[in-house]
Amino acid sequence: MSQTKADWLRSTYPKENDRLPSYTTISDMAVDPVYARDDLAAWTYDDNLSHPGQYPYTRGAYPSMYRGKLWTMRQFAGFGTAEDTNARFRFLLDHGQTGLSTAFDMPTLMGYDADHPRALGEVGREGVAASSIADMEALFSAIPLDQVTTSMTVNCTASIVLAMYFAVAERRGIPLTKLGGTIQNDMLKEFIAQKEWICPPQPSVRIVVDMMEFCAHEAPRWHPVSISGYHIREAGSTAAQELAFTLADGIGYVQAAIDRGVDVDTIARRLSFFFNIHNDFFEEIAKLRAARRMWAKIMRERFGAKDERSWMLRTHCQTAGCSLTAQQPINNVVRVAIQALAGVLGGTQSLHTNSMDETLALPNEQSVLVALRTQQIIAEETGVANIVDPLGGSYAIEALTDRLEREAFEYIQKIDELGGIIRAVELGYPQKEISEASYRYQQQFDRGERVMVGVNKYQVEDEPPMEILRIGADVERKQAQRVRERKQGREATVVKTALSAVKRAASDGANLMPPIIDAVKKDCTVGEIADVFRAVFGEYRDPAWV
Amino acid sequence: MAARPLRILVAKPGLDGHDRGAKVIARALRDAGFEVLYTGLHQTPEMIAEAAVQEDVDAIGLSILSGAHMTLFPAVISECVKRGIGDICIFGGGIVPPDDTAELLKQGVKRIFTPGATTQEIVDWLNQNVRPREA
């Protein structure tokens with residue numbers, strides 16, 4: 001009979017041979033030399049796992065997972081003008097991607113038109129410029145919106161951009177009930193991590209709930225929010241913090257909807273999630289499994305949701321941008337492949353793989369093609385898509401899953417004690433946790449304790465330059481000109497009336513989506529509608545905590 | 001007479017909200033003994049130059065990951081010149097490809113740190129290249 005693990009570690013394991021003084025995940029979680037039956041003494045298949053597609057969904061949201069349907073290959077794309085991005089969308093679809101994902105430029109994301117002084121230098125640089133409905137029409141030109149699902153990464157101007165998308169669909173004779181897709185619209189994580197905001201947390205959450213309610217009734221296939229951990233992780237959090245703060249944000253939105261009198265099952269089934277996939281292979285797989293199990297428990301036990309679709313956490317994932325290096329960028333292909341594999345083994349519904357050149361610029365065609373092919377190779381050549389939750393039952397994976405769940409629930413309890421996530425955000429609690437974690441990581445990197453191949457180990461002196469994507473200087477000039485011309489081509493009273501209706505709904509508390517949809521159909525711009533939010537709700541300023 | 005610690009302004013110009021690097025550097029510089037002022041996000045070039053004058057800093061560090069660096073670095077330089085502090089040391093980091101770095105150095109930026117630089121490198125460079133500005 002084998003020794004207990006504790007005895008084996010004490011008497012047989014050759015600790016003196018260990019290469020490093022200690023072994024921890026990138027989140028500073030200590031890992032044992034081996035995991036064994038001792039680690040799962042209180043664990044049962046029925047309580048901790050169940051089968052795939054069964055509460056608590058540890059093994060996967062669906063029974064057949066990728067045997068029935070591969071994850072959606074959905075590459076985040078956007079730059080320059082609507083025409084430039086439309087061409088990239090079609091390039092990616094032609095090469096086999098199965099869903100669209102849209103990156104907008106900073107002015108669009110922050111509520112400024114291309115002709116605004118604050119937009120100077122920023123138009124079309126970090127994503128596509130979209131100031132009004134005409135841009136949305138060009139962006140989705142020749143793309144059948146009733147046949148393809150579209151994700152749009154936009155937050156404080158999500159109501160406006162979604163309204164434009166809906167308006168374009170309606171103009172094409174497509175009912176909103178046929179539209180499938182996602183809009184990120186997760187304002188809580190903006191204050192925590194991504195930092196794109198117009199107004200303070202309370203009115204920002206109000207707008208999110210307006211959109212949740214509107215979509216539940218008018219666009220039931222649409223995901224009105226993508227509760228995100230990706231950015232929280234990119235800001236430097238640990239895996240447990242990413243997990244905890246994301247689910248806490250989800251709890252916040254569900255609670256806000258319930259407080260408004262909305263039935264939980266009405267909105268819960270179309271909540272979607274978005275996680276990071278960082279370098280630590282097993283930790284990331286465990287994190288996704290823990291996320292599903294935690295959310296199922298939260299929805300059924302904390303919120304009393306009855307519909308099993310409310311219990312089911314479904315997620316998009318993106319490989320970690322912050323893990324990529326500017327030095328020897330071809331190595332990033334390897335990092336992304338391994339991260340993508342972790343995402344698949346963790347059971348993601350949808351996946352974006354980063355391009356090798358993203359530490360230097362937005363992806364060029366060659367690099368994004370390699371990133372897409374990475375997913376296709378995993379799907380078609382490795383066999384991992386043919387067994388559901390193949391790592392389930394592994395001592396290490398189950399022990400790590402349990403551990404992450406435990407640590408994440410501790411953070412959620414702390415947030416509850418502070419009065420909930422909105423209060424915690426106002427106090428800066430998650431923001432300060434992330435600052436600490438990111439500073440700790442930097443210190444480890446500086447000391448050489450965290451190796452980044454090519455950066456602090458295995459460096460190369462002179463590297464050949466890479467061909468990178470350049471955004472032409474005329475993009476901004478052209479787009480600003482378009483915006484000015486369109487504004488001049490409208491009837492002033494029509495615009496004024498439409499914006500007044502938005503203002504009234506904002507002040508009165510009526511759902512903002514109908515007047516915003518009407519306003520965008522009348523060619524009101526992102527900036528103009530954002531100005532209404534500024535006027536009614538005030539502008540949030542960065543507290544600038546270090 | 002003991003040399004006074006260098007005063008560094010760490011700033012986030014433009015609409016870019018990625019502040020992980022800026023905050024880590026601000027804190028590392030403080031730990032290394034510099035006096036650091038962090039502007040927070042969404043600063044215009046005017047606001048940054050104004051803060052540099054008001055706070056009487058010796059150098060300005062700009063962090064830009066939004067691709068707008070070819071507009072924002074020169075704009076900050078220009079606003080500094082307008083306010084009579086055109087000789088102030090401007091350095092920075094973020095997502096800046098090598099060709100753009102070369103061009104910015106020609107325009108007067110003193111150093112751009114790429115992702116992967118250690119905080120010690122930045123501390124050492126500041127100590128070697130920045131002097132307290134005379135009042």
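Predicted model: local features only at pLDDT ≥ 70, side-chain atom pairs only at ≥ 80, totals over all residues.

**Entry 1: what I am looking at.**

**Entry 2: one sheet in chain A.** I looked up the strand order and found an open sheet of five strands, β2-β3-β4-β5-β6 of chain A, with parallel pairing. At its edges I found β2 (76–77) and β6 (222–223) of chain A, each pairing on one side only. I then checked one pair inside this sheet: β3 (residues 100–103) and β4 (residues 150–153) of chain A run parallel and are joined by four bridges. A reminder to myself: strands of a sheet pair through backbone hydrogen bonds, either parallel or antiparallel.

**Entry 3: another sheet in chain A.** I also found an open sheet of five strands in the order β1-β10-β9-β8-β7 of chain A, again with parallel pairing. Which strands stand at its edges? They are β1 (72–73) and β7 (225–228) of chain A; each has a single partner strand, so one side of each has no neighbour in the sheet. Next I looked at β9 (residues 315–319) and β10 (residues 350–352) of chain A, which pair in the parallel sense over three bridges. In that pairing, A:H316 has A:S350 of β10(A) as its bridge partner. Helix α15 (residues 331–345) of chain A packs on this sheet and touches β8 (271–277), β9 and β10 of chain A. I read off about 165 degrees between the direction of α15 and that of β9(A).

**Entry 4: a helix pair.** I turned to α21 (residues 492–508) and α22 (residues 513–521) of chain A, whose axes lie 9 Å apart at an angle of about 165 degrees. The two helices are therefore roughly antiparallel to each other, as that angle is over 145. From α21(A), the contact uses A:A498, A:L499, A:A501, A:V502 and A:A505, and from α22(A) it uses A:P515, A:I516, A:D518 and A:A519. I sorted this contact by class and got eight nonpolar, no polar and one charged residues. For the handedness, I recorded that α21(A) passes α22(A) in a left-handed crossing.

**Entry 5: where the chains meet.** How many residues of chain B are in contact with chain A? I found 30 residues of chain B in contact with 33 residues of chain A. On the side of chain B that touches chain A, α1 (20–31), α3 (69–82) and α5 (119–129) of chain B each supply at least two residues. The largest share, six residues, comes from α1(B). By class, that side of chain B has 12 nonpolar, 13 polar and five charged residues.

Entry 6: Most residues other than glycine have a negative phi, and most peptide bonds are trans, and I went looking for exceptions. The peptide bond from A:Y55 to A:P56 is cis, with omega near 0 degrees. A:P56 sits in the loop between α2 (45–49) and α3 (65–68) of chain A.

A:D523 has a positive phi, near 65 degrees, and lies in the loop between α22 and α23 (526–537) of chain A.

A:A544 counts as partly exposed, with 16 C-beta neighbours inside 10 Å.

Technical notes: Residues numbered from 1 in each chain as written. Chains lettered and ligands numbered in written order. Pairing = 2+ DSSP bridges. Axes fitted to C-alpha atoms, helices over the stretch in contact; angles between N-to-C directions. Parallel < 35°, antiparallel > 145°, perpendicular 65-115°, else oblique. Left-handed = near helix turned anticlockwise from the far one by under 90°. Contact = placed C-beta atoms within 7 Å. Nonpolar A, V, L, I, M, F, W, Y, C, P; charged D, E, K, R; others polar. Buried ≥ 20, exposed ≤ 12 C-beta atoms within 10 Å, placed from the backbone.
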